[in-house]
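I wanted to look at the aromatic rings and at one helix packing. Here are my notes.

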Amino acid sequence: MPGPHGTGMTDLGDFENFDPDGDGDAEAASDAEAVPDADAAASEASRKEEETTDSPADEAFETAEVTPVGRDVGIGTLSAREGLVVSEDPEETRLRSYITVGNRSAVRVGSYLVGDYPDGERLFCRIVALEYAQEFEADDATEIHARRAMRRGEVDEQDYKFMASLEPVAVLYRDGDDLKRRMTDRVPKPETVVRQATDAGEIKTGLKIPDDGVFLGHLAVGGEKVRTAAEPPTIDYRLKDDYGSGDPLVFRHTLVAGGTGSGKTHATKNVLRQYLAEERDYPVEDGRTVRPAVVQFDPQDEYAQMHDDNPLLEPEFARRCEAEGVAYGGHDDTVAFVPKVGSATYAADHHRAEQVEFTVPFSMVRENMWLVAGGGLNDNQYAGLRELLHRFFRSHGDEATYQQFQTYLDDPGLREELDEDGVVHEATFDAIKRRVRGFGNVFDRDARPITEQVSRLVRPGGLTVVPTYHINDSRAATTVVLAVASLLVDQKLSNDPTYDRIKETPVVLGMDEAHNFLTDADSVQARQVIGKFSEAAKQGRKERLGLFLVTQDPQDIADPIFKQVNTTVVLNLGDEDAIKAVNIPSNLEGKVPYMEKGQMVVYSPDNSDPVELVGLSRCLTRHGRD
């Protein structure tokens with residue numbers, strides 16, 4: 001049948017000879033390979049000839065060296081994608097920075113950054129959050145993404161944006177040659193370059209840290225010291241210690257809180273050593289400058305070691321201390337004032353400090369009647385005790401003893417007389433008599449009274465340690481501590497002091513395990529103690545009396561005293577109530593349970609912004625028992 005074009009042939013081209021069995025195709029293919037098209041063969045030969053004559057077989061594509069113009073400065077730029085907002089309301093403030101890939105491993109929550117305004121002012125800020133955000137619209141929570149990442153073993157960070165949320169701290173500006181700070185009152189421009197704060201002047205100004213004062217430690221973020229480009233590369237943190245910008249903070253009181261093993265005694269020794277430095281002195285009313293006396297109550301017998309050098313303090317460490325103006329080494333003028341209580345003996349083979357025994361004379365009870373009140377007297381009984389003591393001292397004089405007072409109370413005629421006169425009921429009299437017994441091991445022991453050794457107790461530039469570790473009776477130990485502490489406080493607050501040495505000498509009154517002595521309780525004795533020390537805390541600035549309280553249970557410190565503390569140093573604490581009690585900002589509060597030994601948070605509103613520190617790795621004096 002003719003085809004569509006009027007011929008007898010099909011118009012199927014190569015398929016005209018189609019072989020359904022496949023043999024024809026094989027033959028055709030074989031023939032095509034054996035006899036190539038002449039034009040194609042010529043073209044291939046020409047191409048091979050050109051490759052042979054014009055270029056070597058292994059020649060690669062030509063490359064060009066490209067050098068980027070300029071160099072990267074900083075770690076990223078501010079992004080306006082979600083808005084840039086500086087507001088009086090912190091909740092409305094929005095500052096976010098994009099962090100470039102190469103800088104992401106170097107930033108931490110809490111790190112300090114600086115961004116420049118066009119006119120030369122600088123924004124000092126802190127990282128409060130870090131976030132990975134997707135660069136592209138893709139779901140990476142899939143089996144394919146996960147398994148690819150598991151096999152590759154690394155993340156392609158360029159697929160993600162790394163964003164830092166910033167909290168503005170202050171605006172830094174120049175006033176002549178001085179760098180100053182003010183509240184954040186202007187918004188930075190989009191794409192402002194942010195850099196890590198590495199200039200000591202910027203950091204100290206931004207955080208309001210004084211250049212001079214009592215050394216506490218080095219500024220840190222996440223337990224790592226902040227490094228600068230200066231030498232030394234660390235940022236020293238100091239407490240204001242002169243009258244140039246307010247009262248020295250030592251007289252605004254200090255609390256050191258930390259759990260067992262947190263390093264609070266180590267840290268306390270290092271701070272007290274600075275108050276004992278030769279150059280440390282304070283002006284007094286008569287125009288002189290006087291070095292402070294440190295009196296430390298020591299329930300664990302650790303502070304008398306401050307007399308001795310630390311044998312583990314290396315020469316290189318000592319040179320660094322000298323370079324930073326940190327006093328170190330044993331303090332020669334250290335005396336252990338050992339209370340004579342009952343038959344207790346004090347062994348001191350762990351330090352070489354001088355030892356002086358003393359006793360508490362019963363005459364001190366005349367001004368502090370609560371010393372023999374114990375914890376069991378109610379208000380009515382305490383009023384009766386006051387009446388009995390007044391009558392006793394009027395008849396026996398200031399030299400009267402505790403034993404004489406016991407004999408006085410054994411007089412049945414006195415009991416009957418007071419009951420008949422309606423002064424002290426006989427049942428109340430009997431209760432008082434029971435409660436005041438048991439102090440015979442405290443008062444009037446075979447040692448020189450503390451009131452006769454005031455000039456040795458309080459020495460300008462001297463450290464006096466009152467150990468109580470050897471006293472097994474807790475009530476006796478508490479009575480001794482409160483008696484000596486009250487002697488110092490009473491003389492400081494008195495307008496007509498008996499001992500001018502105490503009145504005229506700046507005193508740092510240190511109390512370890514302060515929660516045992518200054519607890520908020522319902523007893524008469526506790527209320528009297530709290531009232532006395534609260535007044536002392538209020539008058540501390542005027543009288544140059546500083547309380548230095550050390551405790552692992554800050555929640556037990558009486559609130560009227562706690563409220564007067566200006567500087568709080570917090571080391572590791574595991575108890576939730578204790579952490580809440582120290583009242584530090586929430587961003588630092590969460591770090592406290594995870595801090596390693598020597599790490600600390602310092603909250604001192606009149607000195608600086610709240611900061612994290614790392615204390616010295618070595619104790620500046622001897623510490624620990626071999």
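Ground rule for the rings: I pair Phe, Tyr and Trp rings if their centres lie within 6.5 Å. I'm working on a predicted model.

**Aromatic pairs.** I picked out Phe392 and Tyr408, whose ring centres are 5.4 Å apart. Stacked, edge-to-face or tilted?

**Burial.** I looked up both residues. Phe392 is buried at a relative accessible area of 0%. Tyr408 has 16%, and since the cut-off for buried is under 20%, I count Tyr408 as buried too.

**Cluster.** I found Phe392 and Tyr408 in one aromatic cluster with Phe362, Phe393, Tyr402, Phe405, Phe439 and Phe443.

**Charges over rings.** Phe439 turned up again here: the charged end of Arg475 sits over its ring, 4.0 Å from the centre. I also noted Arg186, with its charged end over the ring of Tyr117 and 4.1 Å from that ring's centre.

**Helix 7 again.** I checked how helix 7 packs with helix 10 (residues 426-435): the angle is about 80° and the axes are 9 Å apart. The range for roughly perpendicular is 65 to 115 degrees, so that is what I wrote down for these two helices. Helix 7 makes the contact with Asn380, Gln381, Gly384, Leu385 and Leu388, and helix 10 with Thr428, Phe429, Ala431 and Ile432. I sorted this contact by class and got five nonpolar, four polar and no charged residues.

Definitions and conventions:
Residues numbered from 1 in each chain as written. Predicted model: local features only at pLDDT ≥ 70, side-chain atom pairs only at ≥ 80, totals over all residues. Heavy atoms only, no water. Phe/Tyr/Trp six-rings, centres within 6.5 Å; stacked < 30°, edge-to-face > 60°. Buried < 20%, exposed > 50% of the residue type's maximum accessible area, 1.4 Å probe, protein only. Lys NZ or Arg CZ within 6 Å of the ring centre and 35° of its normal. Axes fitted to C-alpha atoms, helices over the stretch in contact; angles between N-to-C directions. Helix = DSSP H or I, 4+ residues; strand = E, 2+ residues; numbered from the N terminus. Parallel < 35°, antiparallel > 145°, perpendicular 65-115°, else oblique. Contact = heavy atoms within 4.5 Å. Nonpolar A, V, L, I, M, F, W, Y, C, P; charged D, E, K, R; others polar.
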